[in-house]
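Here is a short briefing for a reader who is meeting this structure for the first time. Please look over the sequence and the model before reading on.

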Amino acid sequence: MKALYIASTGMGAQERNVEVISNNIANMRTTGYKRQRAEFQDLLYQQITRAGSQTSDQGTLVPAGLEIGSGVRTVSTPRVMSQGSVNLTEGELDVAIRGEGFFMIQLPGGRTGYTRDGSFERDAEGTLVTSSGYPVDPGITIPGNARGVSIAPDGTVEAFIGTDTTATQIGQLQLARFVNKSGLESMGDNLFLETAASGPAQVSVPNTDGAGDLLQNYLEMANVNSVTEIADLIAAQRAYEMNARVISGADQMMQATSQLS
């Protein structure tokens, strides 16, 4: 009985849906996290009678065909790239983006990663790095005798060096934009990679070309809504249970048929 296999695809799809929702909930406190959603497509159909086929010599046509579907599959898990709320942290090197841009990060092997996580630190050489130790691109080095580091909305990084009474520019943060942000590849560590689907990075200075501006002493929170995620989780559980009942019902029908025969 095909219903067994059709319902099994529904259970598998909802199981994947619950996995996506659970990952969103697990990352509710992850800086700059962008939630995912599962999208589904129906599978191939067995066409017993094709719509519009001729039924008589007089040219009468079938108004609606007879098609039997074969289930559902998870086709993608795109990220919702909406702006998350920004929280005050008072961290001198914490920076939040208000807009569509991404910070660029130098990865081992010469690759460039992209992130919304602006919780930066200084390494032993004074280089501005992520929490995982990856340098920010373009590289910015803060001298050991620098004080009063400030990051302007346009990405200009300034500090007072030694006993100077005038701030000195020590770097310039840049942002990258993508035509299709959902096409970025997630690699963990709050980082994304460019793909053919995302298009090439369009690099610009903050406050230009729609990249957004920067807020020092703030961090962008995850754009996960706990109420929405719980509601989606309940709906996924109910759909899973209904598919399980279909399997149980189909099994009982097969048992009844076998007993009759």
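Helices (H or I, at least four residues) and strands (E, at least two) are DSSP runs that are numbered from the N terminus. On that basis, the protein chain holds two helices and 20 strands. With a radius of gyration (taken over C-alpha atoms) of 27 Å, well over the 18 Å that the globule rule (2.2 Å times the number of residues to the power 0.38) gives for 261 residues, the protein chain is more spread out than a compact globule. This is a predicted model, in which local features need pLDDT of at least 70 and side-chain atom pairs count only at pLDDT 80 or more, while totals for chains, interfaces and linings use all residues. Residues are numbered from 1 along each chain as its sequence is written, and side-chain values use heavy atoms, with hydrogens and water left out.

**Overall form**
- Along its principal axes, the C-alpha trace of the protein chain spans about 95 × 45 × 35 Å.
- Of the 261 residues of the protein chain, 36% count as buried, which is to say under 20% relative accessible area (1.4 Å probe, protein chains only).

**Residues 4–34**
- An unreviewed UniProt entry lists residues 4–34 as "domain: Flagellar basal body rod protein N-terminal", although such annotations may be inferred rather than shown by experiment.
- This span is 74% helix and 0% strand, and its end C-alpha atoms lie 36 Å apart.

**Met11**
- Met11 is found in helix H1 (residues 2–26), and it counts as buried because its relative accessibility is 15%.
- Leaving aside residues up to four places away in sequence, Met11 touches (heavy atoms within 4.5 Å) Tyr240, Asn243, Ala244 and Ile247.

Terms used
Buried < 20%, exposed > 50% of the residue type's maximum accessible area, 1.4 Å probe, protein only.
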